[in-house]
Amino acid sequence: MSEYIKSPENKVYSKPRLLNDKHMHYCPGCSHGVVHKLVAEVIEEMGLEHEAIGIAPVGCAVFAYSYLDIDWIEAAHGRAPAVATACKRLDPSRLVFTYQGDGDLAAIGTAETIHAANRGENIAIIFINNAIYGMTGGQMAPTTLEGMVTATTPYGRRVDLNGYPLKITNLLAQLPGTCLVTRQAVHTPAAVRKAKASIKEAFRNSMEGRGTSIVEIVSTCNSGWKMSPAKANQWMVDNMFPEYPLGDLKNTAKQ
């Protein structure tokens, strides 16, 4: 068995070359690390490490530039789609993608997100939806579920006071400029494989000029949710998935 493990011919997995040898700051059980790995794998497999430009705004996602060895631009809070628009228009040969959380994309960045998608900018948007503001203390986000307890909704989100959870991905699917709008997760090996395939398709769309692609990753924030990683995964399945069901919302390549 030891010879089998050591044999390079039998190696089935290794760390992506584009992931830096740097300890990640994310909380144990956080979905960000898994998605970072997938992005690194896809860029490497597509041979686009010298063409890729990632845009990371404010939030937990801002530190993505520390972990992936590609070109990065840090955008102001919510402005990643606007910065990505400029990058892609200036050099259409580049793979340009944003990496954003729900507070960034669906709150302060709502206008930038909607208008970039409505214009059909040839960018990919990776959207991490954990229904809470993770970095700043666990406040209510636009995507926070009805009745969900957060730092600013200690008795649960009330529709009459706080409004309904914003399903911004569903809104984006209605825009003519979007070519791929999909909702995935990374809580199981099968889900990871599907998420990776969606990210690769989104990146391919950017390179081929098909319009805006949005890959939402329904995620956990076990620190913000005050749960263990295992319990957070189960809570996500039981509560997040009914509100944000997985699968393609729009895929013009399949129409």
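What is the accessible surface of the chain, and what percentage of it belongs to carbon and sulfur atoms? In this predicted model, the accessible surface comes to about 11,800 Å², and 55% of that area belongs to carbon and sulfur atoms. Accessible areas were computed by the Shrake-Rupley method with a 1.4 Å probe, and for residues only the protein chains shown count as cover. Residues are numbered from 1 along each chain as its sequence is written, and side-chain values use heavy atoms, with hydrogens and water left out. Local features need a pLDDT of at least 70 and side-chain atom pairs count only at pLDDT 80 or more, whereas totals for chains, interfaces and linings use all residues.

The mean pLDDT (the predictor's confidence in each residue, from 0 to 100) of the chain is 92, and 95% of its residues reach 70 or more. Over residues 1-5 the pLDDT is below 50, and this stretch has one contact in the model beyond near neighbours in sequence. Contact here means heavy atoms within 4.5 Å.

The chain contains 10 helices and seven strands. These are DSSP runs numbered from the N terminus, with helices (H or I) of at least four residues and strands (E) of at least two. The radius of gyration is 18 Å, close to the 18 Å that the globule rule gives for 255 residues, so the chain is as compact as a globular protein of that length. This radius is taken over C-alpha atoms, and the globule rule is 2.2 Å times the number of residues to the power 0.38. The C-alpha trace spans about 60 × 50 × 35 Å along its principal axes. Of the 255 residues, 51% count as buried; buried means under 20% relative accessible area, exposed over 50%, and partly exposed in between (1.4 Å probe, protein chains only). Among contacts between residues at least 6 apart in sequence, 68% join residues at least 24 apart.

There are 25 positive and 24 negative side chains, and the centres of the two sets lie 3 Å apart. Lys and Arg count as positive and Asp and Glu as negative, while His and the chain ends are not counted. Each charge is placed at NZ of Lys, CZ of Arg, CG of Asp or CD of Glu.

Arg 79 is located in the loop between β2 (71-74) and α3 (80-90) and is partly exposed, at 31% relative accessibility. The C-alpha atoms of Arg 79 and Asp 104, 25 residues apart in sequence, are 8.4 Å apart in space.

Ile 108 is also touched by Gly 103, whose other contacts are His 77, Tyr 133 and Pro 142, not counting residues up to four places away in sequence. Gly 103 belongs to helix α4 (residues 102-108) and is buried at 7% relative accessibility. From Gly 103 to Ile 128, 25 residues apart in sequence, the C-alpha distance is 9.4 Å.

In helix α8 (residues 189-208), Ser 198 is buried, with a relative accessible area of 8%. With residues up to four places away in sequence set aside, Ser 198 touches Leu 180, Thr 182, Gln 184 and Val 215.

Positive phi values occur at two further loop positions. Ala 131, not a glycine, has a phi of about 65°; this residue lies in the loop between β4 (124-129) and α6 (159-162) and is buried, with a relative accessible area of 0%. Lys 226 has a positive phi near 60° and lies in the loop between α9 (222-225) and α10 (229-243). Lys 226 is exposed, at 69% relative accessible area.
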